[in-house]
Amino acid sequence: MSGTRKRGATVKAPGKAPAKAPAKPRPAAVPAEAAPIEAGGLPPVPSQPPAPPVAPPAAVPVPPAPPGLAHLPLPLLVMPMGLGGVGLAWREASVSLGMPGFVGEVLLALTALVWLLVVGAQALRALRHPEAMWAEFRHPVRVAFAAAPTIGLLILSGAVHPYAPGFGAALWCIAVPLHLVVAMGILRRLLAGRGEVAMLAPPLLIPFVGNILAPVFGARMGFHDASWMIFGVGLLMWVAITPLLLYRLIAGPPLPLAMRPSVAIFLAPPAVGALAVIALTGEAHSLSLTFTGVALLMAAALLSLAREFAWVPFSLSWWGFTFPTAAFAVLLMAEGFHPLLAGLALAVTTGLTGWIAWRTFAAARAGVFLRPEAH
């Protein structure tokens, strides 16, 4: 029938276009890396877009440690050693070279004042900031400077002995046991297996080999037997420790730049050892000349490095030059070397110590020693 519509037929409305069927969504393109793999394999894992970077949490600002006595460096204790050594050199020069005698006495008086100031400041620091002082004693290098005050006291005992023999002898009797206690404490640390490679630095000679200095004054005060025993301690420690320090310099790790002037401490043991032998035996002979030969070799090596030392910025390790060069100047005068050579050594140690003292005073005036150490 004409009026009957066939099922499925499309009837066009007059004047209208036929409606289109909705388009089916096309499948998204599959990345190449997400294509199916060969039969028998695992289905690929579709790649994920990288996660946006997560900003790190804002760091909490740590306020710098306030300046104060807690930061006072322990190496300041070597100042009386250097000043006193130069004072003793000028006292010897007044006899051997005819230099003015008052220069040495003024320097030795200044040494006593500086010793009281730096030792008193460190004692006050220990009372107010004991944790800071204990940190110094646990430090592998700075712990060696704990023996510097006793060496300064030995120098003061020799300085006052010509004027007050009893007082000088009393200072010697106080300084020697205290120095041995410090050396024993560090040796105990090594024997207990708590030592570190960083301890193998030239300042380690101060507590151990510093014992060689005691006979220089003790023999003249009448402590002959005790001086020989202490000399044996210092000599044995020198022979034992020096090869270890040289090995550290050869095999590493290298000394920090600021510590390189401390290698001048190598000059002190042979120079002071020769003076100790002269004091113990009463004359310069073959044994003292043996030490003198080593001192001359070390002095020549240090002098050849002068150009390299000139590039090292100033730090407290420069005080390592003062006492050894002063002891070397005294040795040249005691052994009867040419006055020109002895006078040149005296001039070098005086000028060097003066420059180092001036730089130290300038740093102290600027408050450098009361601020935290820069790392």
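Ala, Val, Leu, Ile, Met, Phe, Trp, Tyr, Cys and Pro count as nonpolar, Asp, Glu, Lys and Arg as charged, and the others, Gly among them, as polar. The model is predicted, with local features needing pLDDT of at least 70 and side-chain atom pairs pLDDT 80 or more, while totals for chains, interfaces and linings use all residues. Residues are numbered from 1 along each chain as its sequence is written, and side-chain values use heavy atoms, without hydrogens and water.

**View A. Lining of the largest pocket.** The lining of the largest pocket comprises 33 nonpolar, ten polar and six charged residues. Of its 49 residues, Pro 73, Pro 75, Arg 142, Leu 316 and Glu 373 lie nearest the pocket centre.

**View B. Helices at the largest pocket.** At least two lining residues come from each of H1 (79-96), H3 (130-138), H6 (205-209), H9 (268-281) and H12 (322-334). H3 gives the largest share, four residues. Helices here are DSSP runs (H or I, at least four residues) numbered from the N terminus.

**View C. Surroundings of Phe 208.** Beyond four places in sequence, Phe 208 is in contact with Ala 183, Ile 186, Leu 187, Leu 190, Gly 234, Met 237 and Ile 241. Contact means heavy atoms within 4.5 Å.

**View D. Confidence along the chain.** The average pLDDT (the predictor's confidence in each residue, from 0 to 100) is 86, and 82% of the residues score at least 70. Residues 1-22 stay under 50 and have one contact beyond four places in sequence. Residues 24-47 are also below 50, with eight contacts beyond near neighbours in sequence.

Notes: 1 Å grid on protein atoms, 1.4 Å probe; cavity = no way out; pocket = protein on both sides within 12 Å on 5 of 7 lines; lining within 4 Å.
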